[in-house]
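Here are my notes on the model. Please keep the structure open while reading them.

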Amino acid sequence: MPVRIMTNFMVAAVAAVVAGGFAQGPAHADPNAGKTIALQWCASCHLVSDDQPVADSASVPSFLDISKDADWNEASLATFLANPHPKMPDMNLTTREIANIAEYIDSLAP
Ligand code: HEC
């Protein structure tokens, strides 16, 4: 009996690790939701999409530029957006929203 409990525990632990890994992975982030957030929160300064009217300032990097820059990935974006550049407002994005934005930016890369 103890052996069986132990086995069940290990199966559950492995399942939890696998599920946790996938939950954080880009596969479950939603680029469309990220685009919606980007148009709502980022488009006043950044050019985030082709179908956006016009960004405020040409001196702010577009999301297409960001997507091509190898320095930016989901991890660096998450760090940056959790503690944004002083010129950017603190938007209080959730980790989920950040993952979706990162996925959206990633989807722009050619
Ligand atoms: C109020 C204007 C403003 C808003 C809103 C804004 N940004 Fe920015 N962002 C800037 C400015 C200005 C810079 C350039 C900062 C600098 O380098 O001095 C910048 C830089 C960045 C960079 C770094 C680019 C690079 O290559 O250095 C990223 C990534 C970024 N913004 C993402 C976002 C995301 C994602 C959002 C929406 C959730 C957002 N920004 C909303 C003004 C804004």
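Which residues come nearest to the ligand?

1. Ligand shell. Trp 41, Cys 42, Cys 45, Lys 87 and Met 88 come nearest, out of 20 residues around the ligand. A residue is near a molecule if its C-beta atom, placed from the backbone, lies within 6 Å of it. Two elements give two or more residues to this shell: α2 (31–41) and α4 (74–82). The most comes from α4, with three residues. The shell divides by class into 15 nonpolar, three polar and two charged residues. Here Ala, Val, Leu, Ile, Met, Phe, Trp, Tyr, Cys and Pro count as nonpolar, Asp, Glu, Lys and Arg as charged, and the others, Gly among them, as polar.

2. Basis. This is a predicted model: local features need pLDDT of at least 70, side-chain atom pairs count only at pLDDT 80 or more, and totals for chains, interfaces and linings use all residues. Residues are numbered from 1 along each chain as its sequence is written.

3. Overall make-up. The chain has five helices and zero strands. Its pattern along the sequence is α-α-α-α-α. Helices (H or I, at least four residues) and strands (E, at least two) are DSSP runs, numbered from the N terminus. Of the 110 residues in the chain, 18% are buried. Buried means 20 or more other C-beta atoms within 10 Å of the residue's own, exposed means 12 or fewer, and partly exposed is in between, with C-beta atoms placed from the backbone. Among contacts with a separation of 6 or more, 58% join residues 24 or more positions apart. Two residues are in contact if their C-beta atoms, placed from the backbone, lie within 7 Å.

4. α4 against α5. Helix α5 covers residues 95–108 and packs on α4 at about 130°, with the axes 9 Å apart. Axes are lines fitted to C-alpha atoms, for helices over the stretch in contact, and angles run from 0 to 180 degrees between N-to-C directions. The two helices, α4 and α5, are therefore oblique to each other. Angles under 35 degrees count as roughly parallel, over 145 as roughly antiparallel, 65 to 115 as roughly perpendicular and the rest as oblique. On the α4 side, the contact is made by Glu 74, Leu 77, Ala 78 and Leu 81. On the α5 side, Thr 95, Ile 98, Ala 99, Ile 101, Ala 102 and Ile 105 take part. By class, this contact of α4 with α5 has eight nonpolar residues, one polar and one charged.

5. α2 against α5. Here the angle is about 100°, and the axes of α2 and α5 are 7 Å apart. These helices, α2 and α5, are therefore roughly perpendicular to each other. From α2, the contact draws on Pro 31, Ala 33, Gly 34, Lys 35, Ile 37 and Ala 38. From α5 come Glu 97, Asn 100, Ile 101, Glu 103, Tyr 104 and Ser 107. The contact of α2 with α5 holds six nonpolar, three polar and three charged residues.

6. The loop between α2 and α3. Ser 44 counts as partly exposed because it has 13 C-beta neighbours inside 10 Å. Its C-alpha atom is 8.5 Å from that of Val 54, ten residues apart along the chain. Gln 52 also lies in the loop between α2 and α3. Is Gln 52 buried or partly exposed? With 16 C-beta neighbours inside 10 Å, Gln 52 counts as partly exposed. Beyond its neighbours within four places in sequence, Gln 52 is in contact with Leu 39, Ala 43 and Leu 47. The C-alpha atoms of Gln 52 and Leu 39 are separated by 7.6 Å, at 13 residues apart along the chain.
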